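Subject: Structure for you to look at

Hello,

Here is the structure I promised to pass on. Please open it alongside these notes.

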Amino acid sequence: MNPKTILISGANGGIGSCLVRAASSRWPEAKIFAVARDERKLIALGRDLPHFMALAYDLTHPQGAKAMAEVLAAETDTIDLVIHTLGVLNGLGQRPEKSLKEVDEKALAETFRINTMSAIWLGQAIKPFLQRKNSWGHVMILSAKVGSIGDNELGGWYSYRMSKAALNMGIKTMALEFRRSNCPGALVAVHPGTTVTDFSKDYVKNWPAERLATPEMTAERLLKLAEMLEPEHNGKFLHWDGSELPW
Ligand SMILES: NC(=O)c1ccc[n+]([C@@H]2O[C@H](COP(=O)([O-])OP(=O)(O)OC[C@H]3O[C@@H](n4cnc5c(N)ncnc54)[C@H](OP(=O)(O)O)[C@@H]3O)[C@@H](O)[C@H]2O)c1
């Protein structure tokens, strides 16, 4: 795989920002489109990168994704690799719920808006850039193993688990539609592995180091996975190591 155009969303986040830098160093000729809300931070991120474009749009709104696609269309017809990394543990910044009584209507809805809906708005926006005949463009959407219904043996974390389980259904459904719509690449849900970022740091304090990754390690792992993707992976839920996870 030698992508010429790469789009990374959540580019100011822990994993997203490392992905931008790692992709630029792995494929120095590739143009990197970095999407996030804060333009100033994006520009700082791309300052030393050779082919970088900051796209300051909020993908949690359909209008944000649409406006991003209009600007993108002036730059390129195709995108070879998309990695979507937006995500929150709880939409209102509360701690993940330990029991049912902690589930809050507004926090649950906001978590879905960010974790689940942003992928749908992004999917709508990028579909035309993935429709082609001679090469494929792959899409990796960061989900989480705790969003697996089959793997849920601990309970808790209602908003996060539910929003990622719904995200997984959205990914599977988009993957089927994309394949029917002349998008030859793979669209997959990916568990990045537990990674020490602002997102997770409060919950992994007592974890053994060997079960944790730095965002730099995770970015390298995800790009390695991107290189392994084949059209046959379309619609799968993958661990960062390439193994398949249960839905
Ligand atoms: N870290 C882990 O251990 C772990 C494990 C499993 C799955 N994941 C998944 O991996 C992805 C990336 O996680 P991370 O560790 O890199 O998290 P992070 O450092 O907290 O980054 C999260 C990203 O989400 C964006 N975001 C948060 N709230 C938003 C909102 N209201 N509107 C728009 N964007 C918003 C942030 O944008 P701003 O920079 O603009 O705030 C940031 O880019 C997430 O989908 C997460 O569920 C992470």
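Below are my notes on a strand, the ligand site and a loop residue.

One caveat before the details: this is a predicted model.

**Strand β1**

Start with β1, residues 5–9. Five of its five residues are buried, so the strand is largely enclosed by the rest of the structure. Side chains in a regular strand alternate between the two faces of the sheet. In β1, both faces are covered. T5, L7 and S9 sit on one side, and I6 and I8 on the other; all are buried.

β1 has parallel pairing with two strands. One is β2, residues 31–36, with five bridges. The other is β4, residues 81–84, with four bridges. In β4, the bridge partner of S9 is H84.

Now follow the chain from β1 to β2. The path goes through helix α1, residues 14–26, and this β-α-β crossover is right-handed.

**The ligand site**

Which residues come nearest to the ligand, out of the 26 around it? They are G14, I15, R37, Y160 and T197. Two helices, α1 and α5 (158–180), each supply at least two residues of the shell.

How much of the ligand does the protein bury? Taken alone, the ligand exposes 890 Å², and the protein buries 87% of that.

**N234**

Last, look at the loop between α6 (215–228) and β7 (237–239). N234 is found there. Is N234 buried or exposed? Its relative accessible area is 16%. The cut-off for buried is under 20%, so N234 counts as buried.

What is N234 in contact with, leaving aside neighbours within four places in sequence? The list is A175, L176, R179, G185, A186 and L187. With L187 there is a polar contact: a polar atom of the N234 side chain lies 2.8 Å from the backbone nitrogen of L187.

Best wishes

Note on methods. Residues are numbered from 1 along each chain as its sequence is written. This is a predicted model: local features need pLDDT of at least 70, side-chain atom pairs count only at pLDDT 80 or more; totals for chains, interfaces and linings use all residues. Side-chain values use heavy atoms; hydrogens and water are left out. Buried means under 20% relative accessible area, exposed over 50%, partly exposed in between (1.4 Å probe, protein chains only). Two strands pair if DSSP finds at least two bridges between them. A crossover is right-handed if, with the strands pointing away from the viewer, the path from the first strand over the helix to the second runs clockwise. A polar contact is a pair of N or O atoms within 3.5 Å; within protein, one must be able to donate a hydrogen and the other to accept it, and residues adjacent in sequence count only if both atoms are side-chain atoms. Contact means heavy atoms within 4.5 Å. A residue is near a molecule or strand if one of its heavy atoms lies within 4 Å of it. Accessible areas come from the Shrake-Rupley method with a 1.4 Å probe; for residues, only the protein chains shown count as cover.
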